[in-house]
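Student: I have a protein model to look at. Where do I start?

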Amino acid sequence: TGFLKTTITLDVEMNAETMYLEDPTDPDAVRMADFVEPLIQSLSEILPEATEEDRGKLRGLINPYASSQLRDELVANPDWMGTTQTITFLAHSNVDVYNKHKGNEAYSIKLSEEQQQYVDKLRDKGVIETSFNDVFFTSGDSRDPARAGVLGAIVGSLLVMFVTLVLSFPIGVAAAIYLEEFAPRNRITDFIEVNINNLAAVPSIIFGLLGLAVFINLFGMPRSVPFVGGLVLTLMTLPTIIISSRAAIKSVPPSIREAAEGVGASKMQVVLHHVLPLAMPGMLTGSIIGMAQALGETAPLLLIGMVAFIVEIPEGFFDAATVLPVQVFLWAGSPELAFIERASAAIMVLLAFLLSMNALAIWLRKRLERRW
């Protein structure tokens with residue numbers, strides 16, 4: 001039901017006397033105008049049994065931002081003044097929940113009995129309808145559940161993943177090649193290998209503490225930005241990429257190296273022209289799995305401030321942002337049932353991303369691997 005929205009379609013009369021507005025092109029006049037009264041009058045015409053005392057209950061059926069939507073529509077179309085226009089508004093989040101779970105008393109506790117009767121009548125008349133929730137995918141977070149969306153979290157996740165990929169993949173592959181092909185076998189190398197294996201098992205929240213101490217406190221980087229989030233997830237993902245890349249390099253048969261050296265290739269040529277191309281499918285698979293793990297992480301990002309309430313869609317790596325797992329965390333902690341629905345829908349979106357990344361890793365392994 002998080003992927004559905006409830007709308008109310010009203011015939012709104014743009015009456016100058018009702019709205020206390022003569023000139024919709026005058027910003028000061030628009031600021032002082034009343035855009036709530038036309039909505040209540042439109043509902044009163046559809047529900048003639050509603051008394052003057054029920055005006056507050058009627059107002060509770062429409063989204064709190066409906067008046068702002070009406071204002072923006074009138075400012076964009078000043079010729080509407082003096083006419084009646086059919087406009088579709090989002091319903092109040094309590095109406096949305098009640099309408100989608102009709103018959104379940106747990107979802108109707110926020111509405112009075114009169115409001116429930118009004119919603120039933122409006123639905124029977126076709127004024128209230130349920131449709132696909134495009135707002136969920138085209139807007140950022142909001143205090144109002146009906147207007148809350150995951151676009152900001154999706155963009156933030158993509159920016160964080162881009163930083164993580166750009167940093168972790170080349171560094172991880174280079175480290176794996178050095179340790180496997182060029183590093184001398186001594187105590188220092190053994191110490192590095194043991195620590196890499198240990199880092200792969202360290203809880204992710206430790207990397208968050210490290211990022212908080214180094215990137216934010218020591219270097220003074222801003223909180224809640226994708227760049228810092230990408231740096232923290234890079235630290236967490238590097239051990240996984242190094243280990244998987246070393247395993248891919250080990251899987252290349254020794255005969256490939258011996259054949260290349262037999263025709264006069266240098267050590268660097270053997271690695272770059274023969275070993276690396278053959279090990280690349282395994283490296284890509286391990287990297288995608290590591291990225292998928294990083295995409296689902298919440299704890300390290302909470303510690304660097306990416307738990308902030310972000311309404312705007314981030315446009316760059318240093319804009320305030322959040323990510324999908326953190327968005328789920330925020331919505332799941334809200335007491336409102338409508339936010340619980342949004343959290344469930346966001347979980348399904350996150351799972352779709354994770355399944356897609358794992359499917360891509362499997363496809364690459366099947367498509368590019370060679371059997372010896």
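Predicted model: local features only at pLDDT ≥ 70, side-chain atom pairs only at ≥ 80, totals over all residues.

Tutor: We can begin with charged side chains.

Student: What can side chains of opposite charge do when their charged atoms come close?

Tutor: They can pair. In this structure the count comes to 18 salt bridges.

Student: How far apart are the closest N and O atoms of aspartate 134 and lysine 5?

Tutor: They are 2.6 Å apart, and the two residues form a salt bridge. Aspartate 134 lies in the loop between strand 3 (128-132) and helix 8 (135-138), while lysine 5 lies in strand 1 (residues 4-13), so the pair ties together parts that are 129 residues apart in sequence.

Student: Is lysine 5 buried or exposed?

Tutor: Lysine 5 has a relative accessible area of 14%. Buried means under 20%, so lysine 5 is buried. Aspartate 134, at 35%, is partly exposed.

Student: Which residue forms a salt bridge with lysine 57?

Tutor: Glutamate 114 does, with the closest N and O atoms 3.5 Å apart. Glutamate 114 is in helix 7 (residues 113-124) and lysine 57 in helix 4 (residues 55-59), so this pair ties together parts that are 57 residues apart in sequence. Glutamate 114 is partly exposed at 33% relative accessibility, and lysine 57 is partly exposed at 26%.

Student: Where do glutamate 193 and arginine 246 lie, buried or exposed?

Tutor: Both are buried. They form a salt bridge in which the closest N and O atoms are 2.8 Å apart. Glutamate 193 belongs to helix 10 (residues 187-199) and arginine 246 to helix 12 (residues 226-250), distant parts of the chain, 53 residues apart.

Student: Which residues are linked in a network of salt bridges?

Tutor: Asp96, Lys100, Glu341 and Arg342 form such a network.

Student: Now the helices. At what angle do helix 12 and helix 14 pack?

Tutor: Helix 12 and helix 14 (residues 267-295) pack at about 150°, with their axes 8 Å apart. Angles over 145 degrees count as roughly antiparallel, so these two helices are roughly antiparallel to each other. Their crossing is right-handed.

Student: Which residues make the contact?

Tutor: Helix 12 contributes residues including Leu233, Thr240, Ser244 and Ala248, and helix 14 contributes residues including Val275, Gly282, Gly286 and Gly290.

Student: How many residues of the contact between helix 12 and helix 14 are nonpolar, polar and charged?

Tutor: The contact has 10 nonpolar and 9 polar residues, and no charged ones.

Key
Residues numbered from 1 in each chain as written. Heavy atoms only, no water. Salt bridge = Lys/Arg side-chain N within 4 Å of Asp/Glu carboxyl O. Helix = DSSP H or I, 4+ residues; strand = E, 2+ residues; numbered from the N terminus. Buried < 20%, exposed > 50% of the residue type's maximum accessible area, 1.4 Å probe, protein only. Axes fitted to C-alpha atoms, helices over the stretch in contact; angles between N-to-C directions. Parallel < 35°, antiparallel > 145°, perpendicular 65-115°, else oblique. Left-handed = near helix turned anticlockwise from the far one by under 90°. Contact = heavy atoms within 4.5 Å. Nonpolar A, V, L, I, M, F, W, Y, C, P; charged D, E, K, R; others polar.
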